[in-house]
Amino acid sequence: IWQSEPWQRIFARIEEAGKPILWHVTQRVSRSPYHGGSENAYWSENKTSAGELNNEMLLSQFCDIVQTYQGIPFIGAHQLHVGLERLSGLLDTHPNLYIDTSCGFFLRWADMFYEQDRNAYRSFFQQYPERILFGSDARLAPGEIDTYLVESFLGHARFLLQLCLPADLLQAVASQNAERLFGLKSKEVPRRGNVRP
């Protein structure tokens, strides 16, 4: 469907307006038991509706669109469900590709990084400091917050904080990259007493 003429017109308008796109589904089958994701999360209601689609086909179609519309910043949700090595190749190939930290960059409440894992992720973040946006996939809205959503958000924040990133890189990923891409005003939050940010 993304290759259809109506969608080409939509992408052209978005590129003309200089707006980013958060691209959410690039996987036919994905499995994230550590985070609570199921194998057919995107197709749970009707697994056969996806037909012959497979992960590589969907990722390839997405990359074709990213290459075609280089004026659009594309944000690949969930790190496109690929590992750091493949992700590095995609980021190197497509300067208009960004990722968010949701789902894959997650630590449960009692877990800690092994130092070699922390170093690998920290190195990745240092290599792409302007291309990573904090994301949690947790919709925290007044009156609709529950323990599951809070724990989901905290798992993503915990991952980021345990990387022990330099302050400027942490601020870039936590807010500044999104502010720049979405054209948002930077918001300074005043410190309250001796509470550390």
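## Helix packing and aromatic pairs

Helix 3 and helix 4 run roughly parallel to each other (angles under 35 degrees count as that). This is a predicted model, so local features need pLDDT of at least 70 and side-chain atom pairs count only at pLDDT 80 or more, while totals for chains, interfaces and linings use all residues. Numbering starts from 1 along each chain as its sequence is written, and side-chain values use heavy atoms, with hydrogens and water left out.

**Helix 3 against helix 4**
- Helix 3 (residues 84–93) packs on helix 4 at an angle of about 5 degrees, with the axes 12 Å apart.
- On the helix 3 side, Leu84, Leu87, Ser88, Leu91 and Asp92 meet Ala120, Tyr121, Phe124 and Gln127 of helix 4 (contact means heavy atoms within 4.5 Å).
- The residues of this contact split into 6 nonpolar, 2 polar and 1 charged.

**Aromatic pairs**
- There are 19 aromatic pairs, counted when ring centres lie within 6.5 Å; planes under 30 degrees apart are stacked, over 60 edge-to-face and the rest tilted.
- Phe105 and Phe125 have ring centres 5.5 Å apart and planes at 45 degrees, so this pair is tilted.
- Phe105 and Phe125 are both buried (under 20% relative accessible area, 1.4 Å probe, protein chains only).
- Phe105 also pairs with Phe159, centres 5.0 Å apart and planes at 5 degrees, so that pair is stacked.
- Phe159 is in helix 5 (residues 147–162), so the Phe105 pair ties together parts 54 residues apart in sequence.

Key: Rings of Phe, Tyr and Trp (its six-membered ring) pair if their centres lie within 6.5 Å; planes under 30 degrees apart count as stacked, over 60 as edge-to-face and the rest as tilted. Buried means under 20% relative accessible area, exposed over 50%, partly exposed in between (1.4 Å probe, protein chains only). Helices (H or I, at least four residues) and strands (E, at least two) are DSSP runs, numbered from the N terminus. Axes are lines fitted to C-alpha atoms, for helices over the stretch in contact, and angles run from 0 to 180 degrees between N-to-C directions. Angles under 35 degrees count as roughly parallel, over 145 as roughly antiparallel, 65 to 115 as roughly perpendicular and the rest as oblique. Ala, Val, Leu, Ile, Met, Phe, Trp, Tyr, Cys and Pro count as nonpolar, Asp, Glu, Lys and Arg as charged, and the others, Gly among them, as polar.
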